[in-house]
Amino acid sequence: MYQKIKQSIFLYTAIVIVIFSACSKKWDNHNAITDSAVANNLFQVISKTPNLTKFTNLLVKSGFDKVLANSKTYTVWAPNDQALQSLDPSIINDTAQLKLFVANHICNQSYSVSFNAADKRVLMMNGKYLLMSGNHFDSASYVSINQYAGNGLFHVIDKYIPRYNNCWELIKTTTAAASMQAYLLSLNKNQFDPTLAKQTGVDPNSGLPVYDSSTGMVLHNIFLDSVVNVNDETNQYTVILLNDAAYSNELNKLTPWFKTSTTDSTNNLSAFWLVKDLAFKGSYSASQLPDTLISQYGVKVPINKSSIVASYKTSNGWVHVMSQVNFKLTDKFPSIIIQGENPSFFTYGLDRTANTFYRVRYNPVTGKNFNDILMTNYGVANYYIGYYLRNLNSMRYNAYWVAVNDIQSTPLWQQRLANGYSYKDATSGNTVTTFTTTLPAVSIAYQNYNEVALGQFTFSNYGNQTFYVLGPTVSSTSGNVDAITLDYIRLEPAF
Amino acid sequence: MNKHMKKLQSFKSIRSLCIMALSSMLLFSCKKMMEVNPDTKLNATQMYRNVYDADAAVIGIYGKLMSLAKQYVILNELRADLTEVTDNSDGYLREISTHNVSANNPYADPRPFYSLINDCNDVLKNFNIMLQSNKFKQDEYQQRYSDIGAIRSWLYLQLGIHYGSIPYVTDPLETVDAVKDQSKYPLIPFNQLLDSLITFTQSLPFQLPYPPGTTLVTTVDGSTTGRFFIEKNILLGDLNLWKGNYTQAATYYRQVLESTGYFVSPGTDQFYQQFRQAYADVVNHNDLCVGYVRYKESDINSLIENNSQGWRSMFARNQDNLWLQQWIWVLPFNTNFAPQNPFIDLFSNNGGSYLLKPSQAAMDNWNSQQQQNGFPFDARGNFSYKMLNGQPVIMKYLYNYVDGTSLLPTNPLLKPGQWFLYRASALHLHFAEAANRDGRRLLAYAFLNQGIQQTFAPPSGQTDVTNYQNTLYDVAPYNFDGRQGTYPYFRGDWYRHNGIRGCARLNSVPVVGDSTISIENSILKEEGLELAYEGYRWPDLVRISLRQNDPSILANAVYAKLSKDGNPQAAAVRSKLMDPKNWYLPFKWQ
């Protein structure tokens, strides 16, 4: 009996030992890393690769050897020793520049090379994007590809990739277009950002925070903020810089239409009107440029390729310096449209909301739907709808409107278009309106969907204007005798 | 030695004794364990014992029916012309949209339908057994048996529309896979299927809704069940409309038009308005029509648009009197219970996957209509879809999910909604289809456009409407009284009838050429404008194409959708759909 128990214990132990030992060994064989390249990190593999000794030294010197040793995934485009022979020693000796240079060859995540892959912009560790296109990386060709290590890939290339300026960095440093550069840089403004400022206390009276005046200022540029941000690395742009002769030539064409009280403001306004149409989204090399570009404001920009003085490739597109961009005035100053359904105000103190209809209609002339405003039977003589318009040029404008009467063929009412100003009279306290120019009254024909010519306005100074659409001179609350309708007003510059 | 042997023997006997004891104990315990019934599952003896068990079976069928909602809407809308895939849609949805369906497409799988049909068959069989063993009163049996029988017919109608030829099985099967045995259950063509369905459904003993006081008319998961169940008269009307029995179809529809079985008191608002496509309340806008603020009808900003007034509100409002006037069959999704509402995921681009969107063709259809105030668009389009975050979004299913004003989800984690299965406007358009084909073209025109009163109006200056504003000269089911007179006084049962386009504030569509065909084509177009995305579209296209024997109606509609959305396969799909054989999904049992 005792023997039996002893036997069974022995047997059981033996089985357990066999099972466990078999398991562990088999799994070890199955899982063990046998490829030595994968056991090492990128830095170790690169440093052991022949012909990459110079790049290895730069990695050590810039401190990127430690970056490539950690457990994130990277791709390295390593220039070989022959390529780095020509590298400017001033870059090697300046730590900051060297870091930017080395970072220009390393990116996060693994990008394998495939010769028939589509073009791809890769974000390098210095914030620049470089083009990875089939068998090229930027301007370099591949010596060997898709070498792997435990934490990523590296490819050996036959040229080093210089760190390119972006369009804005190039504009800041160029010497080819001094006047335009000076104007663009004059648009730099410091803006206060409370989230970046250091708070020193709280104002005891207002309870508002008090900031250290030396902190929190951020440099903005109005051109970058409001036209196109050509300082942005993620997208691609094309910028045209005018050399000094072309710049002053184009500026002189514009100044008559920006008459103000001072020469400076006239020049600044004209200059902005000029440069706003000289930066474009999308990258166009000199050979890719079409003969006309359309700016984001819809202005046609004629490009005569023989006027290109120089072209610079940047990290986010191209900058072309040109000796001439001959804008047509009619393109530079397109017609101004005032939509009838967006009134700024009505005759002061007389609310006629109940008589006002914002409509949608089909225009058989254009084949499109349009929105308009219609007022009927409001019972006020010379009632008007007012429209504010900002920044009109010092020029003559031909006025047209589309005013659709689809409510009755008789009686037809008359409308007038005027400009002028309204102010509050100091003594009476009433709002008084003075009309500067009133164009002749026009009868609103039944079912006329076409533009109707109204006359001309002349403005001697650049500035804001107010327009008034006046209804009939009689007061009536029935039969649509009193009515105003307006789809839009078009102001066409007459040079 | 002997002693030793003896010892061994006794040991052996002890051992066998032990084993015996042990195994008998095991068996005993087994038996006891078997006897304890699980708490959360029912066994066969606990089912079909009384009317409450029968009610549970009915509710169970409807609960399972709701899991078909997604497939139903995808098949009936995406195959047709008003719904389009988005960038987020997978290959299977694209296949459905371009009529190039592979055998393993889950949306084209008939098995979920057959699984439910099999359940219906099982329930019907057990109801018969219950009746024989007197666990059921005769009228209780008739109501519930008819309900489940009608559901089964409705499922078969759906299958027939999408698959053409299908096996028609009416006995419960052990497993649903037995359906694929074609030696037992041959595929029967659609026309023959319709005959079987009409014969069976007409023979159902109870054709009306569950009367009030029935144990099934109650509150389930927070919703009242009054409009929870299939409307058998409408199913019969639809079956006959498909078959081409127009008088029969119109007769069944008329039953519902007159609210037969709904117990509304004569003379009340509910009487004049329930299922009668009533005119708008132009003063307070407590209606289900397109409307504008009074005296500001020409102003775009005065369009009535919220969750409690006007046309849009029918998809958002609670089950109040107005809701009851329009909705005939609706299954609500509750946020607290399965099945989950699939429509948020299908349609919403905020909290959903945004898999389906309105096609450009659908938007163009709405934008080519003219309202009575001259606005060049159909306001129902504004309510059926919205541009949200720059994307067109189908809205009908989302009004319970989003805030009525901001159109943002009130709570992205709660996905309430409803499965809209049938409403009065669909009933009116289907009735008009039947009437038009039955020689009542002017009546059909009235139902489509501005209603009976306006269409049969007296000459101007005539105030005695005795002989106008009605069709009482005609026989049932085409005799309507829409009279509203002062001297002599009339308020006909149909005096508030306003027609589909009248209620949408649209001008009437002119009749061009052959009036039957012209009116029928206008009805088809109107079905798209009024009922888009509610699961009627593909059946409507198929039915009218079959009736006119003109596959180009369907093929051109799908072509318009695909070509306007820039699909390069558009022309190929059109030529494929010119052969009606290609209208049907492959009947494959994966």
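Trainee: Which residues are buried in H20(B)?
Mentor: Arg537(B), Trp538(B), Pro539(B), Asp540(B), Leu541(B), Val542(B), Arg543(B), Ile544(B), Ser545(B) and Arg547(B). Buried means under 20% relative accessible area, exposed means over 50%, and partly exposed is in between, with a 1.4 Å probe and protein chains only.

Trainee: And why is helix H20 of chain B called largely enclosed by the rest of the structure?
Mentor: Because 10 of the 11 residues in that helix, residues 537-547, are buried. Helices (H or I, at least four residues) and strands (E, at least two) are DSSP runs, numbered from the N terminus.

Trainee: How should I read the names and values here?
Mentor: Residues are numbered from 1 along each chain as its sequence is written, while chains are lettered from A and ligands numbered from 1 in the order in which they are written. This is a predicted model, where local features need pLDDT of at least 70, side-chain atom pairs count only at pLDDT 80 or more, and totals for chains, interfaces and linings use all residues, while side-chain values use heavy atoms, leaving out hydrogens and water.

Trainee: Switching to Glu95(B): which helix does it lie in?
Mentor: H4 of chain B, residues 91-98.

Trainee: What is the nearest side chain of opposite charge to Glu95(B)?
Mentor: Lys576(B), 9.7 Å away. Glu95(B) is buried but has no salt bridge. A salt bridge needs a side-chain nitrogen of Lys or Arg within 4 Å of a carboxyl oxygen of Asp or Glu. For charges, Lys and Arg count as positive and Asp and Glu as negative, with His and the chain ends not counted.

Trainee: Then what does Glu95(B) touch?
Mentor: Not counting residues up to four places away in sequence, Glu95(B) touches Asn100(B), Val101(B), Ser102(B) and Asn105(B). Contact means heavy atoms within 4.5 Å.

Trainee: Zooming out, how many helices and strands are in chain B?
Mentor: Chain B has 22 helices and 12 strands. Its C-alpha trace spans about 130 × 55 × 50 Å along its principal axes, and 54% of its 590 residues count as buried.

Trainee: What area is buried between chain B and chain A?
Mentor: About 880 Å², with carbon and sulfur atoms giving 59%. On the chain B side, Lys296(B), Ser298(B) and Pro376(B) lose the most area to chain A, together 44% of what that side buries. Buried area is the accessible area (1.4 Å probe) that two parts lose on being put together, summed over both.

Trainee: How many residues does each chain put into the contact?
Mentor: Chain B gives 12 and chain A gives 11.

Trainee: Last topic, Leu153(A). Is it buried or exposed?
Mentor: Leu153(A) is buried, with a relative accessible area of 14%. Leu153(A) is found in strand E7 of chain A, residues 152-157.

Trainee: How many residues apart in sequence are Leu153(A) and Ser112(A)?
Mentor: They are 41 apart in sequence, and 7.1 Å apart in space, C-alpha to C-alpha. Leaving aside neighbours within four places in sequence, the contacts of Leu153(A) include Ser112(A), Leu42(A) and Tyr74(A).
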